Amino acid sequence: MITTDILIIGAGPTGLFTVFEAGLLKLKCHIIDALPQPGGQLTELYPKKPIYDIPAFPEVLAGDLVDNLMEQIKPFEPGFTLGERAEDIEKLEDGSFIVTTNLGTQHHAKVIAIAGGLGSFEPRKPPLSNISKFENKGVSYMIKNPDDYRNKDVVIAGGGDSALDWSIFLADIASNVTLIHRRNEFRGALESVDKVKELKDSGKIKLITPAEIIDIHGNGRLDAVMVRKNNNPDEEFALETDYFIPLFGLTPKLGPIANWGLEIEKNAIKVNNALDYQTNIPGIYAIGDVNTYPGKLKLILCGFHEATLMCQSAYQRIHPNKRYVMKYTTVGGVTGFDGSKKEAPKAVVKSID
Amino acid sequence: MSLDINISITDREGNAHEVTAPTDMSLNLMEVVRLHELVPEGTIGICGGMAMCASCQCYIISDTALPDMEYEEEAMLAEAFYVKDNSRLGCQIPITPDLEGLKIEMAPEEM
(Lines give C-alpha, C1' and ligand atoms only; values in the text may rest on other atoms or scores of the structure.)
Protein backbone atom coordinates (compact mmCIF):
# COMPACT_ATOMS: atom_id res chain seq x y z
CA MET A 1 0.00 0.00 0.00
CA ILE A 2 1.26 3.46 -0.95
CA THR A 3 1.13 5.88 1.99
CA THR A 4 1.22 9.65 1.75
CA ASP A 5 -0.09 12.84 3.33
CA ILE A 6 -1.96 14.24 0.35
CA LEU A 7 -3.18 12.00 -2.45
CA ILE A 8 -3.65 14.10 -5.58
CA ILE A 9 -5.92 12.78 -8.30
CA GLY A 10 -4.82 14.28 -11.59
CA ALA A 11 -1.32 15.17 -12.79
CA GLY A 12 -2.29 18.35 -14.65
CA PRO A 13 -0.78 21.75 -13.79
CA THR A 14 -2.98 22.22 -10.70
CA GLY A 15 -2.16 18.76 -9.32
CA LEU A 16 1.56 19.23 -9.97
CA PHE A 17 1.72 22.65 -8.32
CA THR A 18 -0.08 21.23 -5.27
CA VAL A 19 3.06 19.14 -4.65
CA PHE A 20 5.10 22.34 -4.38
CA GLU A 21 2.77 24.14 -1.99
CA ALA A 22 2.36 21.00 0.12
CA GLY A 23 6.13 20.54 0.13
CA LEU A 24 6.66 24.00 1.62
CA LEU A 25 4.44 22.76 4.48
CA LYS A 26 6.47 19.52 4.73
CA LEU A 27 3.56 17.45 3.48
CA LYS A 28 4.29 14.52 1.15
CA CYS A 29 2.26 13.99 -2.00
CA HIS A 30 1.43 11.14 -4.32
CA ILE A 31 -0.32 11.61 -7.68
CA ILE A 32 -2.63 9.24 -9.59
CA ASP A 33 -3.36 9.86 -13.26
CA ALA A 34 -5.10 7.75 -15.88
CA LEU A 35 -2.73 8.96 -18.57
CA PRO A 36 0.72 7.37 -18.87
CA GLN A 37 2.52 10.73 -18.51
CA PRO A 38 2.12 13.81 -16.27
CA GLY A 39 0.67 17.08 -17.59
CA GLY A 40 -3.00 16.24 -18.07
CA GLN A 41 -4.68 17.92 -21.01
CA LEU A 42 -1.65 20.16 -21.59
CA THR A 43 0.42 17.14 -22.58
CA GLU A 44 -2.39 15.06 -24.03
CA LEU A 45 -4.26 17.68 -26.06
CA TYR A 46 -2.05 20.64 -26.85
CA PRO A 47 1.63 20.30 -25.82
CA LYS A 48 2.80 22.56 -28.67
CA LYS A 49 0.21 25.31 -28.15
CA PRO A 50 1.13 28.58 -26.46
CA ILE A 51 -0.51 29.87 -23.28
CA TYR A 52 -0.46 33.63 -22.67
CA ASP A 53 -2.07 34.10 -19.25
CA ILE A 54 0.38 32.46 -16.87
CA PRO A 55 1.57 35.33 -14.65
CA ALA A 56 5.10 36.42 -15.56
CA PHE A 57 5.18 34.17 -18.63
CA PRO A 58 4.27 36.37 -21.61
CA GLU A 59 4.14 33.18 -23.64
CA VAL A 60 4.79 29.58 -22.69
CA LEU A 61 4.14 26.33 -24.54
CA ALA A 62 1.83 23.98 -22.65
CA GLY A 63 4.45 21.23 -22.76
CA ASP A 64 7.13 23.57 -21.40
CA LEU A 65 4.87 24.67 -18.56
CA VAL A 66 4.52 21.03 -17.51
CA ASP A 67 8.30 20.49 -17.78
CA ASN A 68 8.87 23.56 -15.59
CA LEU A 69 6.37 22.37 -12.98
CA MET A 70 8.02 18.94 -12.87
CA GLU A 71 11.36 20.66 -12.31
CA GLN A 72 9.89 22.91 -9.60
CA ILE A 73 8.40 20.02 -7.60
CA LYS A 74 11.34 17.62 -7.99
CA PRO A 75 12.83 18.43 -4.54
CA PHE A 76 9.57 17.29 -2.95
CA GLU A 77 9.85 13.81 -4.48
CA PRO A 78 6.23 13.18 -5.40
CA GLY A 79 5.18 9.60 -6.05
CA PHE A 80 3.26 8.77 -9.22
CA THR A 81 0.75 6.10 -10.10
CA LEU A 82 0.38 6.69 -13.84
CA GLY A 83 -1.79 4.92 -16.36
CA GLU A 84 -4.29 3.99 -13.65
CA ARG A 85 -7.65 5.52 -12.87
CA ALA A 86 -8.82 6.28 -9.32
CA GLU A 87 -11.83 4.02 -8.96
CA ASP A 88 -12.96 3.54 -5.35
CA ILE A 89 -12.64 5.50 -2.15
CA GLU A 90 -13.08 4.33 1.40
CA LYS A 91 -13.07 6.59 4.46
CA LEU A 92 -11.48 5.01 7.52
CA GLU A 93 -12.50 5.65 11.12
CA ASP A 94 -9.52 7.90 11.79
CA GLY A 95 -10.67 10.21 8.96
CA SER A 96 -8.05 9.03 6.45
CA PHE A 97 -8.84 7.50 3.08
CA ILE A 98 -7.95 4.51 0.94
CA VAL A 99 -8.20 5.07 -2.80
CA THR A 100 -7.99 2.07 -5.11
CA THR A 101 -7.29 2.29 -8.84
CA ASN A 102 -8.81 0.25 -11.66
CA LEU A 103 -5.72 -1.97 -11.51
CA GLY A 104 -6.10 -2.51 -7.78
CA THR A 105 -3.25 -0.26 -6.57
CA GLN A 106 -4.12 1.02 -3.10
CA HIS A 107 -3.21 4.43 -1.68
CA HIS A 108 -3.62 5.47 1.94
CA ALA A 109 -3.75 9.24 2.54
CA LYS A 110 -4.83 11.71 5.20
CA VAL A 111 -6.21 14.14 2.65
CA ILE A 112 -7.51 13.75 -0.92
CA ALA A 113 -7.08 16.55 -3.46
CA ILE A 114 -9.08 15.96 -6.62
CA ALA A 115 -7.38 17.94 -9.38
CA GLY A 116 -9.07 15.91 -12.06
CA GLY A 117 -9.57 18.64 -14.67
CA LEU A 118 -12.10 17.45 -17.20
CA GLY A 119 -11.95 13.93 -15.83
CA SER A 120 -9.91 10.94 -16.85
CA PHE A 121 -9.11 10.46 -20.51
CA GLU A 122 -10.87 7.45 -21.94
CA PRO A 123 -11.05 6.03 -25.45
CA ARG A 124 -13.78 7.51 -27.64
CA LYS A 125 -16.21 4.76 -28.44
CA PRO A 126 -18.01 4.71 -31.78
CA PRO A 127 -21.78 5.05 -31.40
CA LEU A 128 -22.73 1.47 -32.23
CA SER A 129 -25.63 0.37 -30.06
CA ASN A 130 -24.32 -3.12 -29.32
CA ILE A 131 -20.60 -2.35 -29.03
CA SER A 132 -20.46 -2.69 -25.24
CA LYS A 133 -21.68 -6.30 -25.52
CA PHE A 134 -18.54 -7.18 -27.47
CA GLU A 135 -15.99 -5.36 -25.32
CA ASN A 136 -13.19 -7.81 -24.46
CA LYS A 137 -15.01 -10.31 -26.67
CA GLY A 138 -13.33 -9.18 -29.86
CA VAL A 139 -13.69 -5.42 -29.43
CA SER A 140 -11.03 -3.40 -27.63
CA TYR A 141 -10.19 0.29 -27.64
CA MET A 142 -6.50 -0.05 -26.95
CA ILE A 143 -3.80 -2.61 -27.66
CA LYS A 144 -2.23 -3.84 -24.47
CA ASN A 145 -0.58 -7.03 -25.62
CA PRO A 146 0.11 -7.12 -29.39
CA ASP A 147 0.75 -10.84 -29.19
CA ASP A 148 -2.98 -11.42 -28.59
CA TYR A 149 -3.42 -10.66 -32.28
CA ARG A 150 -0.86 -13.11 -33.61
CA ASN A 151 -2.21 -14.94 -36.67
CA LYS A 152 -5.64 -13.36 -36.20
CA ASP A 153 -7.79 -11.19 -38.44
CA VAL A 154 -7.87 -7.61 -37.17
CA VAL A 155 -9.99 -4.65 -38.27
CA ILE A 156 -8.78 -1.23 -37.15
CA ALA A 157 -10.92 1.90 -37.54
CA GLY A 158 -9.68 5.48 -37.34
CA GLY A 159 -7.61 8.00 -39.26
CA GLY A 160 -5.12 9.36 -36.75
CA ASP A 161 -1.66 8.39 -35.60
CA SER A 162 -2.67 5.53 -33.35
CA ALA A 163 -4.76 3.87 -36.07
CA LEU A 164 -1.87 4.19 -38.53
CA ASP A 165 0.86 3.14 -36.12
CA TRP A 166 -0.96 0.08 -34.84
CA SER A 167 -1.90 -0.99 -38.37
CA ILE A 168 1.80 -0.86 -39.27
CA PHE A 169 2.82 -2.68 -36.10
CA LEU A 170 0.23 -5.44 -36.39
CA ALA A 171 0.89 -5.98 -40.11
CA ASP A 172 3.79 -8.25 -39.12
CA ILE A 173 1.91 -10.06 -36.37
CA ALA A 174 -1.69 -10.54 -37.42
CA SER A 175 -2.63 -12.69 -40.37
CA ASN A 176 -4.80 -9.91 -41.81
CA VAL A 177 -4.97 -6.22 -40.97
CA THR A 178 -7.77 -4.10 -42.42
CA LEU A 179 -7.73 -0.36 -41.82
CA ILE A 180 -11.03 1.45 -42.24
CA HIS A 181 -11.36 5.22 -42.28
CA ARG A 182 -14.18 7.59 -43.09
CA ARG A 183 -12.01 9.69 -45.40
CA ASN A 184 -9.40 8.97 -48.00
CA GLU A 185 -6.99 11.30 -46.20
CA PHE A 186 -5.22 10.36 -42.99
CA ARG A 187 -3.97 12.87 -40.47
CA GLY A 188 -1.03 11.06 -38.98
CA ALA A 189 2.70 11.73 -39.24
CA LEU A 190 3.73 11.79 -42.89
CA GLU A 191 6.08 8.84 -42.54
CA SER A 192 3.33 6.71 -41.00
CA VAL A 193 0.99 7.55 -43.87
CA ASP A 194 3.72 6.63 -46.38
CA LYS A 195 4.45 3.40 -44.55
CA VAL A 196 0.78 2.38 -44.59
CA LYS A 197 0.66 3.09 -48.31
CA GLU A 198 3.73 0.91 -48.83
CA LEU A 199 2.21 -1.92 -46.79
CA LYS A 200 -1.03 -1.56 -48.69
CA ASP A 201 0.78 -1.80 -52.03
CA SER A 202 2.63 -4.90 -50.89
CA GLY A 203 -0.64 -6.44 -49.73
CA LYS A 204 0.19 -6.52 -46.02
CA ILE A 205 -2.57 -4.08 -45.03
CA LYS A 206 -6.00 -3.92 -46.57
CA LEU A 207 -7.32 -0.38 -46.76
CA ILE A 208 -11.02 0.41 -47.03
CA THR A 209 -11.81 4.12 -47.50
CA PRO A 210 -14.00 6.07 -47.35
CA ALA A 211 -15.94 3.67 -45.17
CA GLU A 212 -17.45 3.21 -41.76
CA ILE A 213 -18.31 0.33 -39.46
CA ILE A 214 -22.05 0.52 -38.92
CA ASP A 215 -22.78 -2.70 -37.04
CA ILE A 216 -21.17 -5.58 -35.19
CA HIS A 217 -22.19 -9.21 -35.54
CA GLY A 218 -21.49 -12.18 -33.36
CA ASN A 219 -23.03 -14.68 -31.05
CA GLY A 220 -21.48 -13.83 -27.69
CA ARG A 221 -18.16 -13.15 -29.42
CA LEU A 222 -17.44 -10.87 -32.36
CA ASP A 223 -17.31 -12.66 -35.70
CA ALA A 224 -17.94 -9.89 -38.25
CA VAL A 225 -18.30 -6.15 -38.67
CA MET A 226 -20.67 -4.50 -41.10
CA VAL A 227 -18.87 -2.04 -43.39
CA ARG A 228 -20.56 0.71 -45.37
CA LYS A 229 -18.47 2.14 -48.21
CA ASN A 230 -18.88 5.62 -49.67
CA ASN A 231 -21.68 6.31 -47.18
CA ASN A 232 -23.88 4.33 -49.53
CA PRO A 233 -26.32 1.74 -48.10
CA ASP A 234 -26.00 -0.21 -51.36
CA GLU A 235 -22.29 -0.73 -50.66
CA GLU A 236 -22.63 -2.52 -47.34
CA PHE A 237 -20.92 -5.80 -46.68
CA ALA A 238 -20.02 -8.02 -43.76
CA LEU A 239 -16.33 -8.42 -43.03
CA GLU A 240 -15.37 -11.45 -40.96
CA THR A 241 -12.78 -10.74 -38.30
CA ASP A 242 -11.47 -11.94 -34.96
CA TYR A 243 -10.88 -8.47 -33.58
CA PHE A 244 -12.25 -4.97 -34.08
CA ILE A 245 -10.14 -2.14 -32.67
CA PRO A 246 -11.68 1.36 -32.96
CA LEU A 247 -8.93 3.96 -32.40
CA PHE A 248 -10.56 7.38 -32.30
CA GLY A 249 -8.44 9.09 -29.68
CA LEU A 250 -9.31 9.94 -26.09
CA THR A 251 -11.99 12.04 -24.46
CA PRO A 252 -12.22 13.12 -20.82
CA LYS A 253 -14.96 11.74 -18.59
CA LEU A 254 -15.58 12.54 -14.93
CA GLY A 255 -15.74 8.77 -14.47
CA PRO A 256 -15.92 6.91 -11.16
CA ILE A 257 -15.32 10.09 -9.10
CA ALA A 258 -18.91 11.01 -9.93
CA ASN A 259 -19.99 8.12 -7.67
CA TRP A 260 -17.97 9.07 -4.61
CA GLY A 261 -20.87 10.85 -2.92
CA LEU A 262 -19.57 14.29 -3.81
CA GLU A 263 -21.96 17.08 -4.63
CA ILE A 264 -21.88 17.51 -8.41
CA GLU A 265 -23.21 20.47 -10.35
CA LYS A 266 -22.84 20.96 -14.10
CA ASN A 267 -20.41 18.07 -14.37
CA ALA A 268 -18.12 19.64 -11.77
CA ILE A 269 -17.57 19.13 -8.03
CA LYS A 270 -19.05 21.78 -5.74
CA VAL A 271 -16.59 23.24 -3.24
CA ASN A 272 -16.49 25.87 -0.53
CA ASN A 273 -14.62 28.70 -2.22
CA ALA A 274 -15.07 31.08 0.70
CA LEU A 275 -12.58 29.01 2.68
CA ASP A 276 -10.54 26.10 1.42
CA TYR A 277 -12.03 24.39 -1.67
CA GLN A 278 -13.23 21.47 0.43
CA THR A 279 -16.08 19.33 -0.93
CA ASN A 280 -19.13 18.15 1.00
CA ILE A 281 -16.95 15.29 2.31
CA PRO A 282 -14.47 16.62 4.91
CA GLY A 283 -10.92 15.77 3.94
CA ILE A 284 -11.69 15.66 0.21
CA TYR A 285 -10.81 18.83 -1.67
CA ALA A 286 -11.41 19.63 -5.35
CA ILE A 287 -9.19 22.15 -7.14
CA GLY A 288 -8.70 23.38 -10.69
CA ASP A 289 -11.04 22.77 -13.61
CA VAL A 290 -12.84 19.92 -11.83
CA ASN A 291 -14.51 22.15 -9.24
CA THR A 292 -17.26 24.71 -9.38
CA TYR A 293 -18.38 27.64 -7.23
CA PRO A 294 -20.02 30.98 -7.93
CA GLY A 295 -17.79 32.90 -10.32
CA LYS A 296 -15.57 29.91 -11.14
CA LEU A 297 -13.12 30.37 -14.00
CA LYS A 298 -11.40 27.34 -15.50
CA LEU A 299 -7.94 28.87 -15.74
CA ILE A 300 -4.58 27.37 -14.83
CA LEU A 301 -3.72 30.42 -12.75
CA CYS A 302 -6.93 29.98 -10.71
CA GLY A 303 -6.00 26.33 -10.15
CA PHE A 304 -2.63 27.41 -8.73
CA HIS A 305 -4.34 29.74 -6.26
CA GLU A 306 -6.86 27.11 -5.24
CA ALA A 307 -4.06 24.56 -4.71
CA THR A 308 -2.22 27.00 -2.43
CA LEU A 309 -5.18 27.70 -0.15
CA MET A 310 -6.21 24.07 -0.14
CA CYS A 311 -2.77 23.03 1.16
CA GLN A 312 -3.10 25.40 4.12
CA SER A 313 -6.40 23.77 5.05
CA ALA A 314 -4.92 20.29 4.55
CA TYR A 315 -2.08 21.24 6.92
CA GLN A 316 -4.56 22.23 9.62
CA ARG A 317 -6.44 18.99 9.12
CA ILE A 318 -3.30 16.86 9.32
CA HIS A 319 -1.73 18.87 12.19
CA PRO A 320 -4.70 20.19 14.22
CA ASN A 321 -2.47 21.28 17.09
CA LYS A 322 0.17 23.10 15.10
CA ARG A 323 0.04 26.69 14.02
CA TYR A 324 1.59 27.47 10.72
CA VAL A 325 3.09 30.84 9.95
CA MET A 326 3.38 31.55 6.25
CA LYS A 327 6.92 32.28 5.12
CA TYR A 328 7.98 33.76 1.81
CA THR A 329 10.23 31.42 -0.19
CA THR A 330 12.58 34.37 -0.62
CA VAL A 331 12.97 34.49 3.16
CA GLY A 332 12.74 30.83 4.11
CA GLY A 333 14.14 29.25 0.97
CA VAL A 334 12.97 25.88 -0.30
CA THR A 335 14.12 22.77 1.52
CA GLY A 336 13.44 19.62 -0.45
CA PHE A 337 12.74 16.16 0.94
CA ASP A 338 15.76 15.08 -1.10
CA GLY A 339 18.04 17.16 1.13
CA SER A 340 18.42 19.96 -1.39
CA LYS A 341 18.16 23.53 -0.20
CA LYS A 342 17.55 26.60 -2.28
CA GLU A 343 17.83 30.02 -0.69
CA ALA A 344 18.52 33.62 -1.50
CA PRO A 345 22.26 34.42 -1.42
CA LYS A 346 23.25 36.19 1.80
CA ALA A 347 24.40 39.78 1.53
CA VAL A 348 28.12 40.19 2.17
CA VAL A 349 29.17 42.56 4.95
CA LYS A 350 32.50 44.06 4.19
CA SER A 351 33.92 47.42 5.00
CA ILE A 352 35.67 49.53 2.40
CA ASP A 353 39.00 50.76 3.65
CA MET B 1 -22.35 50.59 -32.17
CA SER B 2 -22.76 46.96 -31.32
CA LEU B 3 -24.96 44.79 -33.42
CA ASP B 4 -26.74 41.71 -32.18
CA ILE B 5 -27.69 38.97 -34.59
CA ASN B 6 -30.48 36.40 -34.35
CA ILE B 7 -29.61 32.72 -34.35
CA SER B 8 -31.87 29.70 -34.09
CA ILE B 9 -30.37 26.81 -32.16
CA THR B 10 -32.02 23.41 -31.75
CA ASP B 11 -30.68 21.69 -28.64
CA ARG B 12 -29.87 17.98 -28.31
CA GLU B 13 -33.41 17.26 -27.12
CA GLY B 14 -34.88 18.80 -30.26
CA ASN B 15 -36.12 22.06 -28.71
CA ALA B 16 -35.59 25.15 -30.83
CA HIS B 17 -34.32 28.36 -29.20
CA GLU B 18 -34.24 31.80 -30.79
CA VAL B 19 -31.29 33.64 -29.27
CA THR B 20 -29.40 36.84 -29.92
CA ALA B 21 -25.64 37.02 -30.01
CA PRO B 22 -23.41 40.11 -29.86
CA THR B 23 -21.00 40.49 -32.77
CA ASP B 24 -18.52 42.71 -30.96
CA MET B 25 -17.31 40.33 -28.23
CA SER B 26 -15.23 37.98 -30.39
CA LEU B 27 -17.53 35.10 -29.50
CA ASN B 28 -17.81 31.91 -31.45
CA LEU B 29 -20.87 29.75 -31.99
CA MET B 30 -19.89 27.23 -29.29
CA GLU B 31 -19.64 30.06 -26.75
CA VAL B 32 -23.08 31.36 -27.70
CA VAL B 33 -24.57 27.94 -26.99
CA ARG B 34 -22.80 27.93 -23.60
CA LEU B 35 -23.79 31.50 -22.85
CA HIS B 36 -27.44 30.55 -23.12
CA GLU B 37 -26.84 27.16 -21.45
CA LEU B 38 -28.63 25.35 -24.25
CA VAL B 39 -26.74 22.12 -23.54
CA PRO B 40 -25.46 20.98 -20.14
CA GLU B 41 -22.20 22.60 -19.03
CA GLY B 42 -19.39 20.09 -19.20
CA THR B 43 -20.75 18.48 -22.37
CA ILE B 44 -19.72 21.26 -24.77
CA GLY B 45 -16.47 23.07 -25.40
CA ILE B 46 -14.51 20.40 -23.55
CA CYS B 47 -11.21 21.23 -25.24
CA GLY B 48 -11.81 24.93 -24.73
CA GLY B 49 -12.39 25.79 -28.38
CA MET B 50 -9.27 24.39 -30.04
CA ALA B 51 -11.02 22.07 -32.50
CA MET B 52 -9.60 19.18 -30.51
CA CYS B 53 -12.82 17.54 -29.48
CA ALA B 54 -16.15 17.39 -31.23
CA SER B 55 -18.35 18.37 -28.29
CA CYS B 56 -19.58 21.51 -30.08
CA GLN B 57 -20.41 19.74 -33.34
CA CYS B 58 -23.54 21.15 -34.96
CA TYR B 59 -25.43 20.77 -38.21
CA ILE B 60 -25.91 23.89 -40.31
CA ILE B 61 -29.57 24.05 -41.37
CA SER B 62 -29.79 27.48 -43.05
CA ASP B 63 -27.87 28.29 -46.22
CA THR B 64 -25.91 31.01 -44.42
CA ALA B 65 -22.44 31.53 -45.90
CA LEU B 66 -19.81 30.39 -43.37
CA PRO B 67 -16.06 30.74 -43.27
CA ASP B 68 -14.22 27.80 -44.85
CA MET B 69 -12.96 25.00 -42.64
CA GLU B 70 -9.35 25.12 -41.56
CA TYR B 71 -7.24 21.99 -41.50
CA GLU B 72 -7.76 21.33 -37.76
CA GLU B 73 -11.55 21.45 -37.97
CA GLU B 74 -11.58 19.21 -41.01
CA ALA B 75 -9.28 16.73 -39.32
CA MET B 76 -11.41 16.64 -36.16
CA LEU B 77 -14.60 16.09 -38.13
CA ALA B 78 -12.89 13.22 -39.95
CA GLU B 79 -12.57 11.46 -36.58
CA ALA B 80 -15.79 12.56 -34.92
CA PHE B 81 -18.98 10.56 -34.72
CA TYR B 82 -22.47 11.51 -36.01
CA VAL B 83 -20.81 13.59 -38.75
CA LYS B 84 -23.00 14.68 -41.68
CA ASP B 85 -22.25 16.73 -44.79
CA ASN B 86 -23.44 19.88 -42.97
CA SER B 87 -21.41 19.27 -39.80
CA ARG B 88 -19.26 22.07 -38.38
CA LEU B 89 -17.50 22.69 -35.08
CA GLY B 90 -19.19 25.64 -33.39
CA CYS B 91 -15.92 26.79 -31.83
CA GLN B 92 -14.48 27.48 -35.28
CA ILE B 93 -17.29 29.82 -36.38
CA PRO B 94 -16.83 33.40 -35.20
CA ILE B 95 -20.01 35.41 -34.61
CA THR B 96 -20.13 38.13 -37.27
CA PRO B 97 -23.00 40.24 -38.70
CA ASP B 98 -22.96 37.96 -41.77
CA LEU B 99 -24.43 35.16 -39.65
CA GLU B 100 -27.79 36.94 -39.14
CA GLY B 101 -30.56 34.35 -39.41
CA LEU B 102 -28.23 31.35 -38.97
CA LYS B 103 -30.04 28.15 -38.06
CA ILE B 104 -28.24 25.20 -36.48
CA GLU B 105 -28.93 21.94 -34.72
CA MET B 106 -26.62 20.54 -32.05
CA ALA B 107 -25.20 17.07 -32.85
CA PRO B 108 -25.75 14.34 -30.24
CA GLU B 109 -23.31 14.04 -27.37
CA GLU B 110 -20.65 11.37 -27.84
CA MET B 111 -20.88 8.70 -25.16
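Before we start, residues are numbered from 1 along each chain as its sequence is written, and chains are lettered from A and ligands numbered from 1 in the order in which they are written. Since the model is predicted, local features need pLDDT of at least 70 and side-chain atom pairs count only at pLDDT 80 or more, while totals for chains, interfaces and linings use all residues.

Let's begin with chain A. Chain A holds seven helices and 23 strands; helices here are DSSP runs of H or I with at least four residues, strands are runs of E with at least two, and both are numbered from the N terminus. Along the principal axes, its C-alpha atoms fill a box of roughly 90 × 60 × 40 Å. Of the 353 residues in chain A, 39% are buried, where buried stands for 20 or more other C-beta atoms within 10 Å of a residue's own, exposed for 12 or fewer, and partly exposed for anything in between, with C-beta atoms placed from the backbone. As for contacts (C-beta atoms, placed from the backbone, within 7 Å), take those in chain A between residues at least 6 apart in sequence: 61% of them join residues at least 24 apart.

How is chain A divided into domains? Domain 1 takes 2-121 + 251-342, and domain 2 takes 125-248; these bounds come from an automatic or database domain assignment. Taken over C-alpha atoms, the centres of domain 1 and domain 2 of chain A are 38 Å apart.

Now for the cores. A nonpolar core is a set of buried Ala, Val, Leu, Ile, Met, Phe, Trp, Tyr and Cys residues joined through C-beta atoms within 7 Å. The largest one has 48 residues, and the members touching the most others are A:I6, A:I112, A:A113, A:I114, A:Y285 and A:A314. Helix α6 (residues 300-318) of chain A gives the most to this core, seven residues. Leaving out residues up to four places away in sequence, A:I6 touches A:T18, A:A22, A:L27, A:C29, A:A109, A:V111, A:A113 and A:A314. Another core lies apart from that one, with 32 residues, including A:Y149, A:V177, A:L179 and A:L247. As background, nonpolar side chains tend to be buried together in soluble globular proteins.

On to a sheet. Four strands of chain A form an open sheet in the order β12-β11-β10-β16, with parallel pairing; two strands pair if DSSP finds at least two bridges between them. The edges are β12 (206-208) and β16 (243-246) of chain A, each with a single partner strand, so one side of each has no neighbour in the sheet. Neighbouring strands of this sheet are turned by 20 degrees against each other on average, direction ignored; the axes are lines fitted to C-alpha atoms, for helices over the stretch in contact, and angles run from 0 to 180 degrees between N-to-C directions. Within the sheet, β10 (residues 153-157) and β11 (residues 176-180) of chain A are joined in parallel by five bridges, with A:D153 opposite A:N176.

Is helix α4 (residues 161-171) of chain A largely enclosed or left open? Eight of its 11 residues are buried, so α4 is largely enclosed by the rest of the structure. A:W166, A:I168 and A:L170 are among those buried residues, and their cover includes β10, β11, α5 (190-201) and β16 of chain A.

Strands β13 (residues 211-219) and β14 (residues 221-229) of chain A run antiparallel with eight bridges. One residue sits between them, and A:G220 in the turn has a positive phi of about 85 degrees. β14(A) also pairs antiparallel with β15 (residues 236-240) of chain A, over five bridges. That hairpin has six residues between the strands, and A:N230 takes a positive phi near 55 degrees.

Finally, chain B. Two helices and five strands make up its elements, and the pattern along the sequence is β-β-α-β-α-β-β. Its radius of gyration is 13 Å, close to the 13 Å of the globule rule for 111 residues, so chain B is as compact as a globular protein of that length; the radius is taken over C-alpha atoms, and the rule is 2.2 Å times the number of residues to the power 0.38. β3 (residues 57-60) of chain B pairs antiparallel with β4 (residues 87-89) over three bridges, and β3(B) also pairs antiparallel with β5 (residues 102-106) of chain B over three bridges.

Notes. Two residues are in contact if their C-beta atoms, placed from the backbone, lie within 7 Å.
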